[in-house]
Amino acid sequence: MISIPRGTKDILPKDVYRWQYLEEEFRRCCESYGFSEIRTPVFEHTELFQRGVGDTTDIVQKEMYTFEIAGRSLTLRPEGTSPVARSYIENKLFAEPLPAKFYYAIPCFRYEKMQKGRQRQFHQFGIETFGAQDMLADAEVIALAIDFLSRLGIGNLSLRINSIGCPICRETYKKVLQDYLRPRLDEFCDTCKDRFDRNPMRMLDCKSKTCQSITKHAPRMIGYLCPECSEAFASLQANLDAMGIQYEIDTDIVRGLDYYTKTAFEIISEDIGAQSTVCGGGRYDHLIEEIGGPPTPGVGFGMGIERLLLVLEAVGAALPVPRPCDVFIAALGQPAMLEVQSVASALRKEGYRVLTDVMARNLKAQLKYADRSGAAYAVIIGDDELATQTAVLRDMRSSSQYEVNLDQIAAEIRRQEA
Ligand code: ATP
Ligand code: MG
């Protein structure tokens, strides 16, 4: 028996409708804001993530699925933003009218410790806006996320925003923070000790209770913003206020990717316990330049689809369950079995989901299967019916049945459904 790798999951036919529903709603929502879908490969050159996500991040340091083939190092994408930025540059999309607005629904891969709501292959919805410096773009990205979640019927969410400054003000702050944390450095977890030199801001984000108790009163980035960053943060809040979007300022939000600047935000669900961040995003004004493109600001979010499903489950949201099959066409006798195919094909053209017997079973077995398949109607065609070009139409729910002309089946079903 070969089992599924740890941290991955099969999505079985009985559950896949939830995914399809979310994907369809996400697509519709993004397109209603003028975002277009972009599809990039599942793997990229490792260097893209080293430069894009940042060499000092947890993702690049220990979470990437990297492999070498024909002397090139490749990595399964751990996040969606750097590949989209790479594609934007490579395809010279900056020559098109700005801003460029993209969305995607993708699998991501991170070698992480497994917990509920945390997998090694997980899935994200994401959007990116390139080329807009104004905080109107940040507000639009946040509004789309909130809009999408509320279209799904998810309330009980809290939007937390923060500013993590720019490379200039962050440099000053980094020193202040290191000075504050240095005296108690040996009390931190190993991961945080590691973060102290390369990325001390991430220590504020640690999930360990001990670390949290030490960093609780540490100085926060927000107190050290340069005038430009501080003005941007005020402008973001004014935009959100004007749009009637509620938020809290959470100075603990750090984000795990190096490329973020200014705006950082998270949307938290109160309904799913520890891994409660459903959506995380922010601004990244240096990413595109960092990976070789023209200086271009960007802002976007990533939303975990598995976590979204956990929230939907927790709030008991009723997703529309599609019927697996509309019509089963049963045949009695060899000539009828062939006629079945043309009736089925006519119904399929009308948009019905149609099953026929492909196991040459007897009529009783076919009808038993029809019942188990969830079909709302069965059409029964035998030699007698063939001769008169009729069939028996049975409503599987009421078991009532009557004769109809072969060319009237679709019309009759439509009449019954109306
Ligand atoms: P977290 O703090 O939960 O580790 P993150 O900051 O690493 O999140 P991002 O890189 O911003 O997350 O990814 C965006 C979203 O993708 C997260 O808010 C979360 O919903 C989801 N996500 C991230 N990592 C995983 C994972 N290993 N399994 C499932 N979902 C994930
Ligand atoms: Mg993470």
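## Surroundings of ligand 1

Ligand 1 is surrounded by 17 residues, the closest being Arg110, Glu112, Gln119, Arg255 and Thr277; a residue is near a molecule if one of its heavy atoms lies within 4 Å of it. This is a predicted model, in which local features need pLDDT of at least 70 and side-chain atom pairs count only at pLDDT 80 or more, while totals for chains, interfaces and linings use all residues. Residues are numbered from 1 along each chain as its sequence is written, chains are lettered from A and ligands numbered from 1 in the order in which they are written, and side-chain values use heavy atoms, with hydrogens and water left out.

By type, the shell around ligand 1 divides into 4 nonpolar, 7 polar and 6 charged residues. Here Ala, Val, Leu, Ile, Met, Phe, Trp, Tyr, Cys and Pro count as nonpolar, Asp, Glu, Lys and Arg as charged, and the others, Gly among them, as polar.

## Contacts and cover

An oxygen atom of ligand 1 lies 2.9 Å from a polar side-chain atom of arginine 118. A backbone N or O atom of threonine 277 is 2.9 Å from an oxygen atom of the ligand, and a polar backbone atom of valine 278 is 3.1 Å from an oxygen atom of ligand 1. Taken alone, ligand 1 exposes 590 Å², and the protein buries 93% of that (Shrake-Rupley method, 1.4 Å probe).

Strands S6 (121-130), S10 (277-283) and S11 (298-304) are the elements that give two or more residues to the shell around ligand 1. The largest share, 4 residues, comes from S10. Strands (E, at least two residues) and helices (H or I, at least four) are DSSP runs, numbered from the N terminus.

## Aromatic pairs

The structure holds 14 aromatic pairs (ring centres within 6.5 Å; planes under 30 degrees apart are stacked, over 60 edge-to-face, the rest tilted). The rings of phenylalanine 26 and tyrosine 103 are edge-to-face, because their centres are 5.9 Å apart and their planes stand at 85 degrees. Phenylalanine 26 lies in helix H1 (residues 13-32) and tyrosine 103 in strand S5 (residues 100-109), so the pair ties together parts 77 residues apart in sequence. Phenylalanine 26, at 1% relative accessibility, counts as buried (under 20%; exposed is over 50%, partly exposed in between; 1.4 Å probe, protein chains only). Tyrosine 103 also counts as buried, at 3%.

Ring pairs also link Tyr88, Phe94, Phe102, Phe130, Tyr260 and Tyr284 into a cluster.

How values were computed:
A polar contact is a pair of N or O atoms within 3.5 Å; within protein, one must be able to donate a hydrogen and the other to accept it, and residues adjacent in sequence count only if both atoms are side-chain atoms. Rings of Phe, Tyr and Trp (its six-membered ring) pair if their centres lie within 6.5 Å; planes under 30 degrees apart count as stacked, over 60 as edge-to-face and the rest as tilted.
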